[in-house]
Amino acid sequence: MTTAAAPPRVPEAIHRRRWAILGTLVLALLVVVLDNSILNVAMKTIATPAPVGLGATQSDLEWAINSYTLVFAGLLFTSGLLGDRFGRKRALLGGMVVFGIASLLSSMAASPGELIGYRALMGVGGALAMPATLAIIMNVFEREEQPKAIGIWAGAVGLAIAIGPITGGVLIEHFWWGSVFLVNVPIVIVALIAMAVLVPESKDPNPGRMDPVGVLLSVIGLVALIYGIIKGGELADFTAFAAWGPTLLGVLALAAFVWFERRTQFPALDVTWFRNKVFSASVVVVAVIFFALMGVSFFGVFYTQSVRGYSALQAGVLMLPLAAAQLLFAPRARLVVERLGVAATAAGGMVLVALGFLGYTVLTATTPIWVLVVLGLVMGAGMAHVMPPVTVAIMGSLPREKAGAGSAVNNTFRQVGGSLGVAVLGAVLSTVYRDGMTGPLHQLPQAVQEKAGANLDRAAESLESTRAFVEHVPGGLADGLIGPANDAFIHAMHVVASLSVGISLVGALVAWFLLPRRTAAPAGVPGGPGGQVPGQQDQPRAAAAA
């Protein structure tokens with residue numbers, strides 16, 4: 001007797017081209033992540049006074065990153081719902097168009113303020129495109145192939161990290177700084193053509209209404225919170241009203257956001273999802289790892305270029321080990337999960353990341369360069385064993401028709417974690433560095449201090465500001481500041497890396513105690529304890545069973 005199995009969820013025509021579709025989605029992911037990794041390499045050049053750069057301050061550089069990530073994170077809730085309601089392919093195409101136009105404008109920015117504004121517009125495009133990529137993966141792959149597809153999706157981050165700094169280094173050495181944004185445009189054009197041809201449309205058959213109040217509260221909360229933290233770092237005084245005032249406003253707005261989302265009928269973020277222990281733990285781990293990594297990557301470029309004297313291209317090459325490890329291990333993380341379980345795999349990955357940060361706490365101005373290579377390999381391998389399993393856990397714990405909103409939550413916590421990492425760790429770096437340079441700067445001859453005026457305070461803001469100050473003091477009177485500046489920066493880097501070790505270990509504990517031990521899927525997902533998530537009826541692609 002032969003019993004026919006239920007038909008597969010994914011139509012055969014789409015199933016046949018699923019890997020080509022994944023390739024086009026990876027292309028979209030590459031251009032978005034590549035832009036941020038390129039920017040890290042270009043920061044030193046952008047900080048250089050015109051005509052070489054824009055003369056950006058430490059705060060300008062942080063906002064060049066945070067203007068993108070804050071807009072991205074603030075709009076992810078809405079863009080995920082837009083994709084679920086009107087079509088994920090439409091959201092993907094629209095986001096890529098906006099991203100490409102904003103990249104072109106960024107390349108022509110004439111001031112730090114213009115660059116920050118155009119970067120914010122890039123965040124709008126990224127917010128539309130990014131949730132759609134993961135949501136489309138969940139709708140073109142059957143359940144049994146999703147971990148492999150998500151592993152490749154996560155591994156693409158490693159590829160972008162590798163391509164970005166090296167490409168940025170080549171462009172910075174041969175062209176002007178704006179070329180690091182202009183390079184996005186041809187990639188976007190190719191991606192748009194491939195997406196229009198290959199990617200199928202999908203949407204939620206029963207979408208809810210939009211939630212403008214919730215979106216507005218989330219944007220206000222995030223922007224105010226990050227602004228207050230950055231301001232505290234600038235002033236080296238978190239007790240100043242300019243620092244704690246916006247921070248308090250941000251906390252209150254985010255609290256109001258949670259309160260409103262719990263009571264509105266159609267929330268931008270369904271807070272009841274967080275009652276699922278696995279879902280909550282997964283998003284916390286995502287936020288924690290990007291908090292640490294983004295903060296450290298912010299100071300890493302200044303260590304390699306300013307302290308060690310490497311060019312932008314050489315600094316990019318030094319990031320290759322971290323990227324290569326992610327690219328190699330991320331698609332294979334599912335095999336480790338099958339053997340050890342999600343909790344052990346993710347917790348072990350976080351411990352490796354913590355070990356990498358521990359290595360940064362002992363770096364000096366003369367540490368052999370192979371040590372950086374080893375640290376990159378360790379941290380890349382660790383991240384590769386964290387992101388795929390927790391992403392699978394997040395997406396698998398929600399109904400498939402809510403894939404856009406689920407992807408938005410995943411990317412929101414990732415971006416918020418990264419943004420907070422740059423802001424908090426950047427503020428700590430700036431504060432510790434300023435404290436270390438106060439003495440050396442005030443030991444300069446009185447005539448030099450009087451002539452410098454307000455520039456003397458700015459010289460203590462960052463390593464690049466100190467170097468710029470030294471170059472403009474006549475007669476080499478300030479040349480003796482270079483050594484103390486390097487020492488102050490390395491000490492500040494050690495402090496920030498130590499904080500990142502602790503944060504990573506917290507992430508490891510969360511993963512170990514709250515993620516599932518023996519299954520790759522969280523409770524309620526096929527293959528995990530509890531059966532299926534309501535609203536999902538996944539069936540194997542077998543045609544019949546004898």
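## Helix 4 and helix 8

A crossing of two helices is called left-handed if the near helix is turned anticlockwise from the far one by less than a right angle, and right-handed if clockwise. The crossing of helix 4 and helix 8 is left-handed. This is a predicted model, in which local features need pLDDT of at least 70 and side-chain atom pairs count only at pLDDT 80 or more, while totals for chains, interfaces and linings use all residues. Residues are numbered from 1 along each chain as its sequence is written, and side-chain values use heavy atoms, with hydrogens and water left out.

The axes of helix 4 and helix 8 (residues 184-198) come within 9 Å and cross at roughly 165°; axes are lines fitted to C-alpha atoms, for helices over the stretch in contact, and angles run from 0 to 180 degrees between N-to-C directions. Helix 4 and helix 8 are therefore roughly antiparallel (over 145 degrees; under 35 is roughly parallel, 65 to 115 roughly perpendicular and the rest oblique).

S107 lies in helix 4 (residues 88-107) and is buried, with a relative accessible area of 3% (buried means under 20%, exposed over 50%, partly exposed in between, with a 1.4 Å probe and protein chains only). Not counting residues up to four places away in sequence, S107 touches W176, W177, G178, F181 and L182.

The whole structure holds 2 aromatic pairs (rings of Phe, Tyr and Trp, its six-membered ring, with centres within 6.5 Å; planes under 30 degrees apart are stacked, over 60 edge-to-face and the rest tilted). W177 and F181 form an edge-to-face pair, 6.3 Å centre to centre with 85° between the planes, and both residues are buried. F241 and W244 are also edge-to-face, at 5.1 Å and 90°. Both lie in helix 10 (residues 241-263), 3 residues apart. F241 counts as exposed at 59% relative accessibility, and W244 as partly exposed at 39%.

## Helix 15 and helix 16

Helix 15 (residues 342-360) packs against helix 16 (residues 369-384) at about 155°, with the axes 7 Å apart. That makes the two helices roughly antiparallel. Their crossing is left-handed.

Terms used
Helices (H or I, at least four residues) and strands (E, at least two) are DSSP runs, numbered from the N terminus. Contact means heavy atoms within 4.5 Å.
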